[in-house]
Amino acid sequence: MPKPKEVARGKTKILYQHETQPDVLVVKQQDGITARDGERRDVIEGKGQIAAQTTSRVFRLLNLCGLPTHYLNGGEDDNEMLVRRAEMIPLEVVVRGVAAGSLVKRRPGIPRGSLIVPRLIEFFLKDDANHDPLIDVDAVVAQGIANPQEVATMQELARITYEILAHAWRRHEALLVDLKIEFGRLASGEGKGQLVIADVIDNDSWRVWPQGREDLMLDKQLYRNLEVVTPADLERIRANYEQVADMVARFPLMRAGMVALIVDGPEYAGSIEAFSRALGGLGLPTVRHIVSVARTPGHVLQLVGQLEATFARMVFVAIGPATSALAPLLQNASANPVLPVDVADPRPGEVALRCAKVFALEDTIVFGRVLLTQTNARSEVITADAQLNAPVPIPPGMARA
Ligand code: 5GP
């Protein structure tokens with residue numbers, strides 16, 4: 001078999017050209033661990049495979065939430081992660097939710113461990129020789145590293161990525177302190193030029209404090225902090241990395257429950273389709289039933305019992321006219337949440353988002369989809385306003401006053 005062609009090499013990974021697909025690269029993470037701009041370097045046997053597992057699980061979660069990433073598949077068992085080829089933007093984008101690291105060194109007025117709201121997003125130029133200096137947004141644009149639209153998209157995607165991963169870590173009783181991600185532009189194929197989250201996101205990329213306690217940290221900071229590195233330290237770090245990969249394995253598991261769409265009367269059955277569609281857009285499954293509180297009251301209660309026995313986690317959507325008794329009946333008959341809908345003003349998008357928020361408490365994928373839906377809704381408004389206020393093009397031959 002021909003040796004795979006190496007395309008690029010970083011401190012802890014090698015990228016190869018995929019044998020048959022020109023738009024695809026194979027990422028292999030290495031067993032090396034480095035700190036202090038590469039001055040300190042050690043090898044932890046098996047770390048590459050563990051890092052590939054963490055990265056692929058994180059990217060799978062982000063993909064399931066609907067975020068654009070370069071990740072396609074692989075990395076779980078074989079340390080061969082397939083990714084879309086991308087032209088990398090030479091920036092490290094750091095999101096901070098809790099003050100630590102270089103932030104508290106630079107800004108001693110900010111107490112270590114304090115919450116940062118809104119999240120702080122910083123850009124660092126990838127430049128080992130100059131210790132990856134902080135770079136401001138204007139300089140990123142002025143130096144042609146990214147255009148203003150790309151800067152705004154990177155900030156938004158970085159913030160959402162942080163919130164999704166912070167949610168996932170919270171479910172493991174751990175605090176995501178900060179996070180570093182990188183971006184690229186798809187180099188070829190469908191969506192060429194599109195900005196995607198790229199590189200790797202593994203236990204080197206974040207600070208994670210179990211129970212909110214810095215002394216219990218599981219991430220690479222432990223290695224950075226060591227005065228001298230002993231074999232016992234490296235073994236402890238390997239065990240931490242393995243523990244993190246195991247915890248991250250549960251990040252992309254969907255625990256969404258069922259949404260029961262119940263319509264009070266066959267005359268309103270036509271309205272059910274829009275709800276199924278809106279819920280489907282958020283990845284929420286539905287069961288649909290037509291009942292009549294007036295004509296089949298016994299059946300309504302029987303149906304509630306049946307559904308509750310079948311689905312452990314569910315939300316009822318009670319659809320009917322404003323005078324319908326369906327919603328109050330379900331409210332009293334069921335321990336599950338009930339959302340009343342007036343058929344005269346159905347608002348399926350809003351109802352779907354409310355259902356998703358119920359499941360988002362325990363399901364990071366649904367939580368991420370809620371965030372993305374809200375972000376898209378916000379950017380629709382901003383885009384519409386920008387279009388409304390766009391300067392009117394000047395007809396040829398006329399000068400602006
Ligand atoms: P700080 O600027 O506080 O040192 O780091 C902020 C966050 O970015 C931390 O989560 C840290 O782990 C991550 N980070 C900073 N520099 C690098 C780097 O060169 N590689 C990786 N993988 N993560 C980094």
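Where does D132 lie? I looked there to start with, and D132 turned out to be in the loop between β10 and β11.

**Ground rules**

I note that this is a predicted model, where local features need pLDDT of at least 70, side-chain atom pairs count only at pLDDT 80 or more, and totals for chains, interfaces and linings use all residues. Residues are numbered from 1 along each chain as its sequence is written, and side-chain values use heavy atoms, with hydrogens and water left out.

**Backbone entries**

I checked phi at D132 and found a positive value of about 45°, although D132 is not a glycine. H131 is not a glycine either, and has a positive phi of about 55°. Most residues other than glycine have a negative phi, and most peptide bonds are trans. H131 also has its place in the loop between β10 and β11 (134–135).

Buried or exposed, I asked of H131? With a relative accessible area of 54%, H131 is exposed, while D132 is buried at 16%. My cut-offs are under 20% relative accessible area for buried, over 50% for exposed and partly exposed in between, with a 1.4 Å probe and protein chains only.

I also found a cis peptide bond joining V117 and P118, with omega about -5°. P118 is in strand β10 (residues 115–125).

**The whole chain**

I counted 11 helices and 18 strands in the secondary structure. The C-alpha atoms fill a box of roughly 80 × 75 × 60 Å along the principal axes. Of the 401 residues, 48% count as buried. Among contacts (heavy atoms within 4.5 Å) with a separation of 6 or more, 61% come from residues 24 or more positions apart.

The domain assignment gives domain 1 (6–248) and domain 2 (258–362); such bounds come from an automatic or database assignment. I read 41 Å between the C-alpha centres of domain 1 and domain 2.

**The cores**

Which residues have the most contacts inside the largest nonpolar core? They are W169, I201 and W206, in a core of 75 residues. Helix α4 (residues 148–170) gives the most to this core, with 11 residues. At least three residues come from each of domain 1 and domain 2. A second, separate core has 17 residues, including V287, V291, A327 and L330. By nonpolar core I mean a set of buried Ala, Val, Leu, Ile, Met, Phe, Trp, Tyr and Cys residues joined through side-chain atoms within 4.5 Å.

I then listed what W206 touches, leaving aside its neighbours within four places in sequence; among the contacts are T54, V58, L165, W169, I201, D219 and V248.

**Aromatic entries**

I found three aromatic pairs in the structure. Rings of Phe, Tyr and Trp (its six-membered ring) pair if their centres lie within 6.5 Å; planes under 30 degrees apart count as stacked, over 60 as edge-to-face and the rest as tilted.

The W169 and W206 rings have centres 5.5 Å apart and planes at 90°, so I wrote this pair down as edge-to-face. W169 lies in helix α4 and W206 in strand β14 (residues 206–210), so the pair ties together parts that are 37 residues apart in sequence. W169 counts as buried at 0% relative accessibility, and W206 counts as buried at 1%.

The W169 and F251 rings, with centres 5.2 Å apart and planes at 90°, are also edge-to-face. F251 lies in the loop between α6 (231–248) and β15 (258–264), so its pair with W169 in helix α4 ties together parts that are 82 residues apart in sequence. F251 is buried, as is W169. I logged W169, W206 and F251 as one aromatic cluster.

**Cysteines**

How many disulfides does a search of the whole structure find? The search gives zero, where a disulfide would be a pair of cysteine sulfur atoms within 2.5 Å. The sulfur of C65 has its closest cysteine sulfur in C355, 18 Å away, which is too far for a bond. C65 counts as buried at 3% relative accessibility, and C355 counts as buried at 0%.

Technical notes
Helices (H or I, at least four residues) and strands (E, at least two) are DSSP runs, numbered from the N terminus.
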